[in-house]
Amino acid sequence: MIRWLKEHVDRNMIRPLIYKIFTRAVLALFAAELVHFFAPEGWPLARFSNLALILAILFLLGAVIAWLRLDGMKIPHFKLPRLKRIDPAFLTSDIADHIDDDIVKFDDLDKEEQDVCVLLTDILLAAVCLLLALLL
């Protein structure tokens, strides 16, 4: 597994991986809290540990799909329609202008690198959700 990671993970993938982990974790926690808040008291899935287990299963399913994509199966990406980001005028220059390294976004990665990022994100978040399900 370590050798596979060394072959497929590049230094340019660190920033998109961290961003992907953070956004998916926040959205999953928000969805779980919404269900926990609005679900009836007696409903067994209203407990946060059960919701964390469901999230872990969903993240594991996403990891399996990303693994199948890496193996060559043609599964289309589910992308939500987004407006193209327009930076305000005050953000035209920042500290990154003074660093030699270019900032790599998730969309700048190849399809295989994007799948590796999604796979690692889903595996890590599934482990965190399983840990939450066990502890809570």
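Mentor: A salt bridge here is a side-chain nitrogen of Lys or Arg within 4 Å of a carboxyl oxygen of Asp or Glu. Please keep in mind throughout that this is a predicted model.

Trainee: By this rule, to what number does the count of salt bridges come?

Mentor: Arg24 forms one with Asp122, and Arg69 forms one with Asp115. By the rule just given, the count of salt bridges comes to 2.

Trainee: How far apart in sequence are the parts that Arg24 and Asp122 tie together?

Mentor: The closest N and O atoms of Arg24 and Asp122 are 2.7 Å apart, and the two residues form a salt bridge. Arg24 lies in helix α2 whereas Asp122 belongs to helix α4 (residues 111-135), so the pair ties together parts whose separation in sequence is 98 residues.

Trainee: Which helix holds Asp115, the partner of Arg69?

Mentor: In the salt bridge between Arg69 and Asp115, the closest N and O atoms are 3.9 Å apart. The pair links distant parts of the chain, 46 residues apart, with Arg69 in helix α3 (residues 48-70) and Asp115 in helix α4. Arg69 and Asp115 are both buried, and the helix that holds Asp115 is α4.

Trainee: Which side chain of opposite charge is nearest to Lys20?

Mentor: Lys20 is found in helix α2 (residues 14-38), and although this residue is buried, it has no salt bridge. The cut-off for a salt bridge is 4 Å, whereas the nearest side chain of opposite charge is 6.9 Å away from Lys20. That side chain belongs to Asp107.

Trainee: Over the face of which residue does Lys20 lie?

Mentor: Leaving out residues up to four places away in sequence, Lys20 touches Thr121 and Phe106. The position of Lys20 is over a ring face, at 3.9 Å from the ring centre, and the ring is that of Phe106.

Trainee: Which element gives the most to the largest nonpolar core?

Mentor: That core has 24 residues, and those with the most contacts inside it are Leu55, Phe59, Leu109 and Cys117. Two or more residues come from each of the elements α2, α3 and α4. With 8 residues, the element that gives the most to this core is α4.

Trainee: How far apart in space are Ala126 and Leu58, C-alpha to C-alpha?

Mentor: Ala126 is found in helix α4 and, at 1% relative accessibility, counts as buried. Once neighbours within four places in sequence are left aside, Ala126 is in contact with Ala56, Phe59 and Leu60. Ala126 and Leu58 are 68 residues apart in sequence, while their C-alpha to C-alpha separation in space is 7.9 Å.

Trainee: What is the angle between the planes of the aromatic pair formed by Phe37 and Phe38?

Mentor: A search of the whole structure finds 1 aromatic pair, formed by Phe37 and Phe38 with 4.9 Å centre to centre. Phe37 counts as exposed at 64% relative accessibility, and Phe38 is also exposed, with a relative accessible area of 62%. Planes over 60 degrees apart count as edge-to-face, and the pair of Phe37 and Phe38 is edge-to-face with an angle of 85°.

Terms used
Residues numbered from 1 in each chain as written. Predicted model: local features only at pLDDT ≥ 70, side-chain atom pairs only at ≥ 80, totals over all residues. Heavy atoms only, no water. Helix = DSSP H or I, 4+ residues; strand = E, 2+ residues; numbered from the N terminus. Buried < 20%, exposed > 50% of the residue type's maximum accessible area, 1.4 Å probe, protein only. Lys, Arg positive; Asp, Glu negative; His and termini not counted. Contact = heavy atoms within 4.5 Å. Core = buried A, V, L, I, M, F, W, Y, C linked by side-chain atoms within 4.5 Å. Phe/Tyr/Trp six-rings, centres within 6.5 Å; stacked < 30°, edge-to-face > 60°. Lys NZ or Arg CZ within 6 Å of the ring centre and 35° of its normal.
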